[in-house]
Amino acid sequence: MAFRVGIRMKTTSPISELEKILETRCQGEWDVELDTVNAKQRQKTVAIYFETHRDRDAFLSACAL
């Protein structure tokens, strides 16, 4: 599977919460990778890869709610 689209984002949300959004909003394949962790601020940077632009846009819309 080739992922065509990717984003990098900072979040305090658990990865499991991001995965729930991805599972419900994305029709194609996706992958989440932990990039960095800032324990002091309880923040992490994750890279999320999508099969399609549509899935990326659906995920970003869900995160904006």
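What follows is a walk through a pair of helices and then the salt bridges of this predicted model.

Begin by selecting residues 15-25, which make up helix 1, together with residues 53-63, which make up helix 2; the axes of these helices come within 9 Å and cross at roughly 130 degrees. Angles over 145 degrees would count as roughly antiparallel and those from 65 to 115 as roughly perpendicular, so helix 1 and helix 2 are oblique to each other. As you turn the view, note that helix 1 passes helix 2 in a right-handed crossing.

Next, show the side chains where the two helices meet: on helix 1 select Leu18, Ile21, Leu22 and Arg25, and on helix 2 select Asp55, Ala58, Phe59, Ala62 and Cys63. Sorted by class, this contact has seven nonpolar residues and two charged ones, with no polar residues.

Now turn to the salt bridges, of which the structure holds two. Select Asp35 and Arg8 to find one of them, in which the closest N and O atoms are 2.6 Å apart. This pair links distant parts of the chain, as Asp35 lies in strand 2 (residues 30-38) and Arg8 in strand 1 (residues 5-11), 27 residues apart. Asp35 is partly exposed, with a relative accessible area of 39%, whereas Arg8 is exposed, at 53%.

Finally, select Arg56 and Asp57, whose side chains meet in a salt bridge with an N to O distance of 2.9 Å. Arg56 is partly exposed, with a relative accessible area of 22%, and Asp57 counts as partly exposed at 37%.

Definitions and conventions
Residues numbered from 1 in each chain as written. Predicted model: local features only at pLDDT ≥ 70, side-chain atom pairs only at ≥ 80, totals over all residues. Heavy atoms only, no water. Axes fitted to C-alpha atoms, helices over the stretch in contact; angles between N-to-C directions. Helix = DSSP H or I, 4+ residues; strand = E, 2+ residues; numbered from the N terminus. Parallel < 35°, antiparallel > 145°, perpendicular 65-115°, else oblique. Left-handed = near helix turned anticlockwise from the far one by under 90°. Contact = heavy atoms within 4.5 Å. Nonpolar A, V, L, I, M, F, W, Y, C, P; charged D, E, K, R; others polar. Salt bridge = Lys/Arg side-chain N within 4 Å of Asp/Glu carboxyl O. Buried < 20%, exposed > 50% of the residue type's maximum accessible area, 1.4 Å probe, protein only.
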